[in-house]
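Student: Could you take me slowly through one part of this protein, the pocket, and tell me what surrounds it?

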Amino acid sequence: MREETLLAFDFGEKKIGIAIGNTLTRHARPLEIIMSERRDARFGRIEQLLQEWQPQRVIVGLALDSDGGDQPATLRCRRFANQLHGRFGLDVTLVDERGSSMEAQRLLGSHAADDAMAAAVILQRYLDALPQV
């Protein structure tokens, strides 16, 4: 497996948590939270991050219900993933995000803004599932 830089997104209608990691270290860390509700501002900031970090792939958390089925947010996550692929031509992988916010709050030790940490949890799940070389 070749080394890849990865950005991960915990998509929400009001906030988007972002994390970074790579396949060499297999470690994810929170990066930032985009707070704007305006689509153009969100994608403008995402474009800046993509230019800065040059990821080969992006990971998007997929909101599922407790049984693993679709819920209203599932379609929004899929649409966001499709927009990332269409606008920036990047490979996009969807990863089950169930429980990521609770895990993020546990890691932070608080109920503070956890979106970036939730993105790191999602990305770490992806990295942990990669085959060992």
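Tutor: What follows is a look at the pocket and then at some salt bridges. Please keep in mind that the model is predicted. The largest pocket holds about 250 Å³ of space, and its lining is made up of Phe11, Glu13, Glu37, Arg39, Arg42, Phe43, Arg76, Arg79, Phe80 and Gln83. The elements that give two or more residues to this lining are helix H1 (39-53) and helix H2 (72-88), and the largest share, four residues, comes from H2.

Arg76 has a relative accessibility of 29%, so it counts as partly exposed.

The loop between S1 and S2 also holds Lys15, which is linked to Asp115 in helix H4 (residues 115-129), 100 residues apart; the closest N and O atoms of this salt bridge are 3.2 Å apart. Its two partners can be described in turn: Asp115, at 10% relative accessibility, counts as buried, whereas Lys15, with a relative accessible area of 29%, is partly exposed. In the whole structure, a search finds five salt bridges, and among them is the one between Arg57 and Glu4, at 3.3 Å from N to O, where both residues are buried.

Methods
Residues numbered from 1 in each chain as written. Predicted model: local features only at pLDDT ≥ 70, side-chain atom pairs only at ≥ 80, totals over all residues. Heavy atoms only, no water. 1 Å grid on protein atoms, 1.4 Å probe; cavity = no way out; pocket = protein on both sides within 12 Å on 5 of 7 lines; lining within 4 Å. Points joined across faces, edges and corners; volume = space filled by probe spheres on them. Salt bridge = Lys/Arg side-chain N within 4 Å of Asp/Glu carboxyl O. Buried < 20%, exposed > 50% of the residue type's maximum accessible area, 1.4 Å probe, protein only.
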